[in-house]
Amino acid sequence: MTTRYAVWRLLQVLPTCAGILLVGFLLIHAAPGDPVLALAGDGGDEAYYERVRNKFGLDQPLVVQLGTYVANVIRGDLGTSYTSGRPALDVVFERVPATLLLTATALALSTFLGLAAGIAAAARPHGARDALISATSLGLYATPVFLVGQLMMLLFALRMGWFPVQGMTTARENYTGLTHVADVAHHLVLPVIALAAQEIAAVARLTRSGLLDELGRDHVRTARAKGAGEVRVMVKHALRRAMLPVVTLVGGRVGQLVAGTIVVEAVFSWPGVGGLMVSSVQARDTPIVLALFFVIAMTVVLANLLTDLAYRWLDPRVRYG
Amino acid sequence: MADVPVPELTGRPAHHQSWTAVLARPAGAIGAFLVLVVVVGGIIGPWVAPNDPFSVDGPSLAKPSLSFPMGTDALGRDAFSGVLHGLRTTLFVAGGVAAIVVVVGMSVGLAAGYRAGWLDQVLMRSTEFVQVLPRFFLAIVVIAMFGPGLRQLVLVLGLSSWPLLARVVRAETLSLREREFIEAARADGSSPLRIILRELLPNVVPSAVVVVGLLVAQVMLIEASLGFLGLGDPNVVSLGSLASEGQDFIRVAWWLAFFPGLAIVVAVLGLNLLADAVTGSLGGGR
């Protein structure tokens, strides 16, 4: 991967970010009623609304307003939550760690297990193991996140009692240090599996079909003819190329994974951004909702950027081409 | 960046693709059956439903039985009737979104692929932009600002779901553009619009069907998730909101959460199987 490509790709991010801001801005103005309600939330008094009108220059032409809006956002000012009276971005970032823990663990687990399942299925295509893996992933791929979560909760928390039913920590206890980590990990198991299930299915399906394509190609046949063992052929020659669409998939699905996290958080009362989002929508605390949207949209853009760079780095045809 | 795995489809002249070939595959037959069950259940179901989903008909939290195949909820309302009405909501959203996606995605894809040049550049940059927008959260922002409602939901999901279709249709069009039968039509003096509608469109339909099927399946999951979070239209029954109400009783009445979820599985699985079968019969067999 050339540095020039990396710089060029980084610069491409700028118009995308601008576009995302523009979408937010347009929605504020397209929403029914006074745009001040969308900027300040539904429950302020007249004096407060007046301040917000001044701050965003709502008596100015639309273009000037857009400039003011973008300038505010660039300064990290995404407005003030009217329910808590605090800067929206602060309120959002307080909740990010819990969500990040859940999402990142699920992303890592699903990539690993998905690849493993895909390899296991492709190693002996159309055998019993392949049929089992393929059927399971087809089913999981169609199952809404909340149903997986509810079934896991029913079986492993309520029936078996192996895992806690909800939350991120045991509220009664005040664990510190390692016991705290173990406690959080114990609470993390069911939500992560529920969240990862659909991703595992998606990665497994793609890995399997990618591997089957690659295993039929000349370079793999050559490797086999030169006496390379099956494991070496699979990992060294086929998997590397079959990984490419998987990398793209993982980057492209980050948005959906975060969406799934919101739902899983609702099922297991996980204290992340999900609860904040839902309560803010219900209270029409739009600064929070917009701040969450921007943070998540930027995360998706960043994930796509990283994916693209990883793709370049993995694919020798592009790297040296 | 694709968010659903779409196999590469090779462009080829139309007319050889038939539904019998799709239905001859097990995946196609099962998929078609599941989709049929969902469509019939959602359209006819509410009329023939044994009970009104909002009326109290039986004992509270009754187990599934002959008179209440999916049990009853805490107020004694028939869960089966609720699922049938929920399916109708899902179908309404899915159908509306599909219509928008087809119109926008096909137009953008065909225009970009056939015209190339600056129009292609502009359309493809816009497509890439819309594709990075996180649909689920865009829908939530719209709900927060415009209030919950099916119309808003269909619009926002439709206007943010078309990029994948546009990209696939564009790729197909690009590969078809230089083929002999298109050249022949051009030599005949056919207008670009005529070539696009008469020659290109029929040939991109099979792969477009696959993409639309997969997109609709995703939209169903999104609609269900929004309903589950309590962000759906409060005036209609949705499968997601039923599942969420069921969550409160999961200790004592598993059926309340299970059957609405299962209905979504049936719908999404049916669409995915059908899409797989169409891909397979197009020669992308795996």
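Is Arg251(B) buried or exposed? Here are a few notes on this predicted model, starting with that residue.

1. Arg251(B) is exposed, because 11 other C-beta atoms lie within 10 Å, and a residue counts as exposed at 12 or fewer. To find Arg251(B) on your screen, go to the loop of chain B that lies between helix H11 (239–247) and helix H12 (254–284).

2. Now for chain A as a whole. Chain A has 14 helices and zero strands, so you can read its elements from the N terminus on as α-α-α-α-α-α-α-α-α-α-α-α-α-α. Along the principal axes, the C-alpha atoms of chain A fill a box of roughly 80 × 55 × 40 Å. Of the 321 residues in chain A, 40% are buried.

3. Taking the contacts in chain A between residues at least 6 apart in sequence, 70% join residues that are at least 24 apart.

4. One helix pair in chain A deserves a look of its own. The axes of H8(A) and H10(A) come within 8 Å, crossing at roughly 145°, and the crossing of H8(A) past H10(A) is right-handed.

5. Which residues bring these two helices together? On the H8(A) side, the residues that meet H10(A) include Ala202(A), Val203(A), Leu206(A), Thr207(A), Gly210(A) and Glu214(A). Among their counterparts in H10(A) are Ala238(A), Leu239(A), Arg241(A), Pro245(A) and Leu249(A). By class, this contact of H8(A) with H10(A) has 11 nonpolar, two polar and two charged residues.

6. Finally, the contact between the chains: how many residues does each chain bring? Chain A brings 51 residues and chain B brings 37 residues. In chain A, at least two residues each come from helix H1 (3–30), helix H6 (128–141), helix H7 (145–159), helix H8 (177–215), helix H10 (230–252), helix H11 (254–268), helix H12 (273–282) and helix H13 (286–314). With nine residues, H13(A) gives the most to the side of chain A that touches chain B. That side of chain A has 35 nonpolar, 13 polar and three charged residues. H8(A) and H10(A), the pair from the points above, are both among the helices that supply residues to this side of chain A.

How values were computed:
Residues are numbered from 1 along each chain as its sequence is written. Chains are lettered from A and ligands numbered from 1 in the order in which they are written. This is a predicted model: local features need pLDDT of at least 70, side-chain atom pairs count only at pLDDT 80 or more; totals for chains, interfaces and linings use all residues. Two residues are in contact if their C-beta atoms, placed from the backbone, lie within 7 Å. Helices (H or I, at least four residues) and strands (E, at least two) are DSSP runs, numbered from the N terminus. Ala, Val, Leu, Ile, Met, Phe, Trp, Tyr, Cys and Pro count as nonpolar, Asp, Glu, Lys and Arg as charged, and the others, Gly among them, as polar. A residue is buried if 20 or more other C-beta atoms lie within 10 Å of its own, exposed if 12 or fewer, and partly exposed in between; C-beta atoms are placed from the backbone. Axes are lines fitted to C-alpha atoms, for helices over the stretch in contact, and angles run from 0 to 180 degrees between N-to-C directions. A crossing is left-handed if the near helix is turned anticlockwise from the far one by less than a right angle, and right-handed if clockwise.
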